[in-house]
Amino acid sequence: MTALLALYLSVLDDRNFEEDFTEVYNTYKRLVYHTAYKIMDDSYLAEDVLQKVFLYVAKNFSKIHRENCHELAAYLVSCSRSRAYDMLRKQREELLEDVPNEPDAAPVPDDAAVSTDNIERLTELIGQMKPMYRDPLRLLAMGYTNREIAKSLGLTDEVVRTRLFRGRKLLWKEMNSHE
C-alpha cells in the first residue's frame, strides 16, 4: 500500500469503506492525474491536484454515490478540473501581486526615451484599466512574452494578443485625447 493511500484511508469518513475507497482510488487515480495534467501541464502540480481530489473524496466518501461508474468518473473529472483551475487562478493572483505599480528605473535607449510625465500618465492610465487589459499590459512591460503572459494568466495566446492590442489602442486613445 502506498503512503498516499494510507493517508487517504486515515482520513476516510467511515472505516467500513476502506476496501471500496481503495478500489475507487486504484481505478480512477490515473484519470484524475491525466485530467489535471492536461490543465496544469506540469507533473508535480498534477500530483498536487490528485492529492487534493482524493483527500476530499476520502473525507466525504460515505456521501459520494458510487453505484454508477460513469457518474463517478464524471464527478472525479469535474473535481480534478475544478481543483486544477483553482490552483492556476491562485498562481495567477500571486504573480499579479508581484507586479509593481511604478515603472522600473532601468535606463532606456535614447530613441525610445519617453518623458517622465508620459510615463506617469501611462502608469496612471494602465492602473485605471479593467484587469483584463491591465494585467497583460503590465506583464508585457515587465518583459514577458505573449506566451508567458498567456500561461501565467490562464489564457490562450490569441486572447492575450487581442487584449494587448485593445489595451494599447485604449491607451493610445486616452493619451491623444488629453494632449
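Modeller: This is a predicted model. Start with one aromatic cluster, formed by Phe 17, Phe 21, Tyr 25, Phe 54 and Phe 61.

Biologist: How many aromatic pairs does the structure hold?

Modeller: There are six aromatic pairs. Take Phe 21 and Phe 61: their ring centres are 5.4 Å apart and their planes stand at 80 degrees, so this pair is edge-to-face. The cut-off behind that word is an angle over 60 degrees between the planes.

Biologist: Where in the chain do Phe 21 and Phe 61 lie?

Modeller: Phe 21 belongs to helix 2 (residues 18-40), while Phe 61 is in the loop between helix 3 (43-59) and helix 4 (69-97).

Biologist: Is Phe 21 buried or exposed?

Modeller: A residue counts as buried if its relative accessible area is under 20%. Phe 21 has 0%, so Phe 21 is buried. Phe 61 has 1%, so Phe 61 is buried.

Biologist: How are the rings of Tyr 25 and Phe 54 arranged?

Modeller: Their centres are 5.0 Å apart and the planes are at 80 degrees, which means an edge-to-face pair. This pair also links distant parts of the chain: Tyr 25 is in helix 2 and Phe 54 is in helix 3, 29 residues apart. Tyr 25 is buried, at a relative accessible area of 5%, and Phe 54 is buried at 0%.

Biologist: What sits over the ring of Tyr 56?

Modeller: The charged end of Arg 83 does, 4.8 Å from the ring centre.

Biologist: Is Phe 165 buried or exposed?

Modeller: The cut-off for exposed is a relative accessible area over 50%. Phe 165, in helix 8 (residues 157-177), has 53%, so Phe 165 is exposed. The C-alpha atoms of Phe 165 and Tyr 133 are 9.1 Å apart, although 32 residues separate them along the chain.

Biologist: Now helix packing. At what angle do the axes of helix 6 and helix 7 cross?

Modeller: The axes of helix 6 (residues 131-141) and helix 7 (residues 146-153) come within 10 Å and cross at roughly 135 degrees. Helix 6 is therefore oblique to helix 7. Their crossing is right-handed.

Biologist: Which residues of helix 6 and helix 7 meet?

Modeller: On the helix 6 side they are Asp 135, Pro 136, Leu 139 and Leu 140. In helix 7 they meet Asn 146, Ile 149, Ser 152 and Leu 153.

Conventions:
Residues are numbered from 1 along each chain as its sequence is written. This is a predicted model: local features need pLDDT of at least 70, side-chain atom pairs count only at pLDDT 80 or more; totals for chains, interfaces and linings use all residues. Side-chain values use heavy atoms; hydrogens and water are left out. Rings of Phe, Tyr and Trp (its six-membered ring) pair if their centres lie within 6.5 Å; planes under 30 degrees apart count as stacked, over 60 as edge-to-face and the rest as tilted. Helices (H or I, at least four residues) and strands (E, at least two) are DSSP runs, numbered from the N terminus. Buried means under 20% relative accessible area, exposed over 50%, partly exposed in between (1.4 Å probe, protein chains only). A charge sits over a ring if NZ of Lys or CZ of Arg is within 6 Å of the ring centre and within 35 degrees of the ring normal. Axes are lines fitted to C-alpha atoms, for helices over the stretch in contact, and angles run from 0 to 180 degrees between N-to-C directions. Angles under 35 degrees count as roughly parallel, over 145 as roughly antiparallel, 65 to 115 as roughly perpendicular and the rest as oblique. A crossing is left-handed if the near helix is turned anticlockwise from the far one by less than a right angle, and right-handed if clockwise. Contact means heavy atoms within 4.5 Å.
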